[in-house]
Amino acid sequence: MSCNIGLIGEFDPSTPAHQGIPPSLERASKKLGKTVRYEWVPTTEITTVKRLWAYDGIWCTPATPYHNMEGALLAINWARERHVPFLGTCGGFQHAIVEFARHVLGWEDADHAESNPGATRAVIAPLSCALVETTESVSLFPDTMIFREYGVSEILEGYRCRYGLNPDFRQALLKGPMRASADDQTGEVRAIELDNHPFFAATLFQPERQALRGDEVSPLITAFVRACIG
C-alpha cells in the first residue's frame, strides 16, 4: 500500500525546513512499512483543484510569502472540505487559519499581515517576539490528537517564524470546529486541529526539523503519513 503527498509551496534547497521534509517522509515511510511518494507543488500551479486530484494528502510547507497565496488557500480548502489528510507547518499553519476564517466564518477580508500589511482583519499578525532559528518548549493540550501522538505534554520544537495567530481573533476562530491544541510559555497558540476530519493539523513550529538533528522522525509527521495511507 502506498500514498502520494503534495507538498504545497515553492521549494528552496537553502531552507532548513525544506531540507527536513524528504527525510521525515522517508523515515515515516520506513517506520510504517509503506511506500510514500511526494511531489513539490508550486502555488503558482494551483489554479483549480484538478492540480490536486493525484494526492492522498496535502502538506502546506514553510517559507512564505507564497508566490500565489490563493493557490495555497485553494489546496487547504480542498483538503478541508474533501476530508483529505492535511498537515500545515509554519506558513501552512498561518494559511490554514486564513482559509478557515474566510470560508467557514465568512470573513472575506481575513488576511495575512505578511502578504497584506494594511489588512483590516489581519488574523495572522507579527508575533510579539519573533521565533527565528530558535528552539522552544511547546505545551500539548490533553484530549487532542497531537497529545496522543507524542504521548507527552511538553516537547521541544524548532521555529523560523515572525507571524502567528492574532490574539484579537483567537476566541472567535478557535471555538470549534477549529481548536487550539498547543501553546507555549507565552500562552500563544502554537498548534491547531480540526474536529470531524480524518486528519487536519497545523503547527507554527516546524516538526520536520527533527529529521535534521538525527535519525528520528516527528510523531506528528508519522501520524500524517499513516492517515494518508489509510
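Author: Start with Trp40, which is buried, with a relative accessible area of 19%. The model is predicted.

Reader: Why does 19% count as buried for Trp40?

Author: The cut-off decides: buried means under 20% relative accessible area. At 19%, Trp40 is therefore buried.

Reader: How many aromatic pairs does a search of the whole structure find?

Author: The search finds six. One of them joins Phe11 and Trp40.

Reader: How should I read such a pair?

Author: Two values describe a pair of aromatic rings: the distance of the centres and the angle of the planes. For Phe11 and Trp40, the centres are 5.0 Å apart and the planes make 45°. That pair is tilted.

Reader: Where do Phe11 and Trp40 lie?

Author: Phe11 is in the loop between strand E1 (2-8) and H1. Trp40 belongs to strand E2 (residues 35-41). The pair therefore ties together parts that are 29 residues apart in sequence. Phe11 has 45% relative accessibility, so it counts as partly exposed.

Reader: Which residues form an aromatic cluster?

Author: Trp59, Phe199 and Phe224 form one.

Reader: Next, helix H2. What span should its 14 residues have?

Author: Count 1.5 Å a residue. Helix H2 covers residues 69-82, so it should span 20 Å. Its end C-alpha atoms are 20 Å apart, which agrees.

Reader: Is H2 largely enclosed or largely open?

Author: Ten of its 14 residues are buried, so H2 is largely enclosed by the rest of the structure. Among the buried residues are Met69, Leu73, Ile76, Trp78 and Arg80. After H2 comes His83, with a positive phi near 60°.

Reader: Arg80 is in that list. Which residues does Arg80 touch?

Author: Take its place first: Arg80 is in helix H2. Its relative accessible area is 12%, so Arg80 is buried. Leaving out residues up to four places away in sequence, Arg80 touches Glu99, His103, Val104, Leu194, His197 and Phe200.

Reader: Last, a helix pair. At what angle do H1 and H6 pack?

Author: Helix H1 (residues 16-32) and helix H6 (residues 219-229) pack at about 65°. Their axes are 9 Å apart. The crossing is right-handed.

Reader: Which residues make the contact between H1 and H6?

Author: H1 supplies Ser24, Leu25, Ala28, Lys31 and Leu32. H6 supplies Ile221, Thr222, Val225, Arg226 and Ile229. By class, the contact has six nonpolar, two polar and two charged residues.

Note on methods
Residues numbered from 1 in each chain as written. Predicted model: local features only at pLDDT ≥ 70, side-chain atom pairs only at ≥ 80, totals over all residues. Heavy atoms only, no water. Helix = DSSP H or I, 4+ residues; strand = E, 2+ residues; numbered from the N terminus. Expected span 1.5 Å × (residues − 1). Buried < 20%, exposed > 50% of the residue type's maximum accessible area, 1.4 Å probe, protein only. Axes fitted to C-alpha atoms, helices over the stretch in contact; angles between N-to-C directions. Left-handed = near helix turned anticlockwise from the far one by under 90°. Contact = heavy atoms within 4.5 Å. Nonpolar A, V, L, I, M, F, W, Y, C, P; charged D, E, K, R; others polar. Phe/Tyr/Trp six-rings, centres within 6.5 Å; stacked < 30°, edge-to-face > 60°.
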